[in-house]
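User: I am new to this structure and would like to be guided through it by questions and answers. Please begin with any term that is needed along the way.

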Amino acid sequence: MRQQLFSSAICLLFCVVPSQAAKRRFTIEDLYRLRTIEGVHLSPDGRMVAFTVITSELAKAKRTKHIWMMDTDGGNARQFTHSEKDESAAVFSADGKWMVFVSSRDGDENLYVMPTTGGEAQQLTHISTGVSDPLWSPDGKWIAFSSDVYPECGADDACNKKIAQRWSKGPLQAHMADGLLYRHWTEWKDGKRTHILLAEVSTGAVRDLTLGDFDSPPFQVGGALQYDFAPDSTELVFASNRDSTPASSTNSDLWTVPLASVRPTARDITGSNPAFDGNPRYSPDGKYIAYRLQKQPGYESDLFRLAIYDRSTGTSQVLTESFRNWVQDLQWAPDSKSLYFTAPLEGDNPVFQVTLGSGGIGQVLVDKTIDSFAISFDSRRIIYARRSVGEPAELFAVELRDGKASLPRQLSHFNDQVTDEVDIRPAERMWVAGAAGARVEVFIVKPHDFDPVRKYPLILNVHGGPQQQWQDSFRGDWQVYPGAGYVVAFANPHGSTGYGQDFTAEISGDWGGEAFEDESHRRTSQTALCRCGPYGSYGLVLRWLHDGLVRGPHGSLQGHRFHDGRF
């Protein structure tokens, strides 16, 4: 019965299709012509926005990152940095006169500062361990950043170099590990720890703020920054998991350190919570620290809540317990009376606002996939980077009034040349009956010059995680395959985020259960390939789909391909 419902829905979706005859099909070469936008940072006066533009050259197998700037009305877009090496992670100084960014133009990745009016960039740090995620202090005297150092060395770069050379140039070429968490993807730790270092802007001198054999901050794949300066620049808060066995623990806590101390002692301010605390943000008035919180120890996919820590009383309060989707990025309103945050919701990730005191939560902006956003100093505008399946990344702006956003206005046009000549296919959404009576959302991308009379091979794309969601966001494979004549379908089965925490949690321990049933009912007799992220439960689902149902009741599966697998 569910298969009949799915087939009927597919038929309805495919009946009416606007003509794209004027545009040609999408190819792999077109993917490398598109430019990607990363990060959105507003100047303190709200007049300029800085961001990173990524350009690809297929013939040279090369990707380059440069800093761009633009007036917040969309005018005067200009490339700010021009080195042959990558430049990224731009942040304005508090007075708006300077910009700090990360570049490898002189070898190792280091911090560079440059006047916002233009000119020559000045190298601020000279360390061999690399830098990432710079953050300028409100008083303009310090820049915090993270770097992978040997804990016995800290910020002593000569010591770090000596140990690194012993590893790279010694007679024994091997990796060493005496515990878990020794590698992330292809990056080996080899005894290093991520520490937060502090650079003095006037001299370039660097010192270690997070001493010890701990990762401070802990590893994360993307997401909001894991440290922040107090508004008076006397203190820094950061996240760190200092349990004896961090590989089996999610107990990241918030720690504070005074900047005046040469060898600061960190103070744990959320030690009463045995689960995750992270991504801290001081309120502009300095009274609170907002952060993300989980309650269930050891469970990485527990509900991420938004909480505030009262600095005067030392107590915490959860603001979003009734909000049953994961809080992601978060930002304070300039008046410190509310917070803005993003969260997955049925294939989108809208911006929400929660008010302190009343605890009221309202949806402010929904616009497909919002990769990053910034609130203006007067709370009247949001500048954000946005994309959808049928639209590559660009910058947009909305005006805010009474807690609601105006219609979006596109600010940048980096990809107009490609979108004007190439058929970039949008996604259409449908809901089908899944396991246990649940409704499962499915996205369909039809091929170029789609003909509803013809039959097409179908590619099923299954996300990994498994607790995450497919979003209405641009991906190259979701255009290359339709350009080659395939229909692409991707669903958010049991275990996905964005459909309530109960739906997310139902995959835990359910091997071969509801997620398997959700995915198997998406298959049709024309399924040609299953492309999937194999991590966790969904990896087994795809093995069963291929090995157990190659000739099952839902048609044949001609092959599958895992991506992001084990190295």
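Analyst: Two strands are said to pair if DSSP finds at least two bridges between them. With that in mind, please note that the model shown is predicted.

User: How many bridges join strand 10 and strand 13, and in which sense do they pair?

Analyst: Strand 10 covers residues 142–149, and strand 13 covers residues 193–200. Within this pairing, Ser146 has Ile196 of strand 13 as its bridge partner. The two strands pair in the antiparallel sense, and the number of bridges is eight.

User: Which residue in strand 14 is the bridge partner of Leu198?

Analyst: Strand 13 also runs antiparallel to strand 14 (residues 206–208), to which three bridges join it. These two strands form a hairpin with five residues between them. In strand 14, the partner of Leu198 is Arg207.

User: Which residue in the turn of that hairpin has a positive phi?

Analyst: The turn belongs to the hairpin formed by strand 13 and strand 14. A phi of about 85° is found there, and the residue that has it is Gly204.

User: How many of the eight residues of strand 13 are buried?

Analyst: A residue counts as buried when its relative accessible area is under 20%. By this criterion strand 13 is mostly covered. The number of its buried residues is six.

User: What share of the residues of the protein chain counts as buried?

Analyst: The protein chain has 567 residues, with eight helices and 39 strands. Among its contacts between residues at least 6 apart in sequence, 51% join residues at least 24 apart. The share of residues that count as buried is 53%.

User: Which elements give two or more residues to the largest nonpolar core?

Analyst: This core has 16 residues, of which Ile37, Val40, Val49, Phe51, Ile383 and Leu395 touch the most other members. The elements that give two or more residues to this core are strand 1 (36–42), strand 2 (48–57), strand 3 (62–71), strand 28 (381–388) and strand 29 (391–401).

User: Which residues does Ile383 touch, not counting residues up to four places away in sequence?

Analyst: Ile383 is one of the core residues that touch the most other members. With residues up to four places away in sequence left out, the residues that Ile383 touches are Val40, Leu42, Val49, Thr72, Ser372, Phe373, Ala374, Phe396, Ala397 and Leu411.

User: Why is the disulfide of Cys153 and Cys159 left-handed?

Analyst: A search of the whole structure finds one disulfide, and it joins Cys153 to Cys159 with an S to S distance of 2.0 Å. Cys153 is buried at a relative accessible area of 10%, whereas Cys159 is partly exposed at 22%. The disulfide is left-handed because the torsion about its S-S bond is about -55°.

User: With which side chains does the side chain of His494 make polar contacts?

Analyst: His494 lies in the loop between strand 35 (487–492) and helix 6 (501–505). Its relative accessible area is 1%, so His494 is buried. Another, of 3.3 Å, is made with the side chain of Glu514.

User: Is Thr504 buried or exposed, and which residue has its backbone oxygen 2.8 Å from a polar atom of the Thr504 side chain?

Analyst: Thr504 lies in helix 6, and at 1% relative accessibility it counts as buried. Not counting residues up to four places away in sequence, Thr504 touches Trp326, Gln467, Gly495, Ser496 and Thr497. The backbone oxygen 2.8 Å from a polar atom of its side chain belongs to Ser496.

User: Over which residues is the pLDDT below 50?

Analyst: The mean pLDDT of the protein chain is 90, and 88% of its residues reach 70 or more. Where pLDDT is low, the predicted coordinates should not be read in detail. Beyond near neighbours in sequence, one such stretch has eight contacts in the model and another has 24. The stretches below 50 include residues 16–20 and residues 548–556.

Key
Residues are numbered from 1 along each chain as its sequence is written. This is a predicted model: local features need pLDDT of at least 70, side-chain atom pairs count only at pLDDT 80 or more; totals for chains, interfaces and linings use all residues. Side-chain values use heavy atoms; hydrogens and water are left out. A disulfide is a pair of cysteine sulfur atoms within 2.5 Å. Buried means under 20% relative accessible area, exposed over 50%, partly exposed in between (1.4 Å probe, protein chains only). A nonpolar core is a set of buried Ala, Val, Leu, Ile, Met, Phe, Trp, Tyr and Cys residues joined through side-chain atoms within 4.5 Å. Helices (H or I, at least four residues) and strands (E, at least two) are DSSP runs, numbered from the N terminus. Contact means heavy atoms within 4.5 Å. pLDDT is the predictor's confidence in each residue, from 0 to 100. A polar contact is a pair of N or O atoms within 3.5 Å; within protein, one must be able to donate a hydrogen and the other to accept it, and residues adjacent in sequence count only if both atoms are side-chain atoms.
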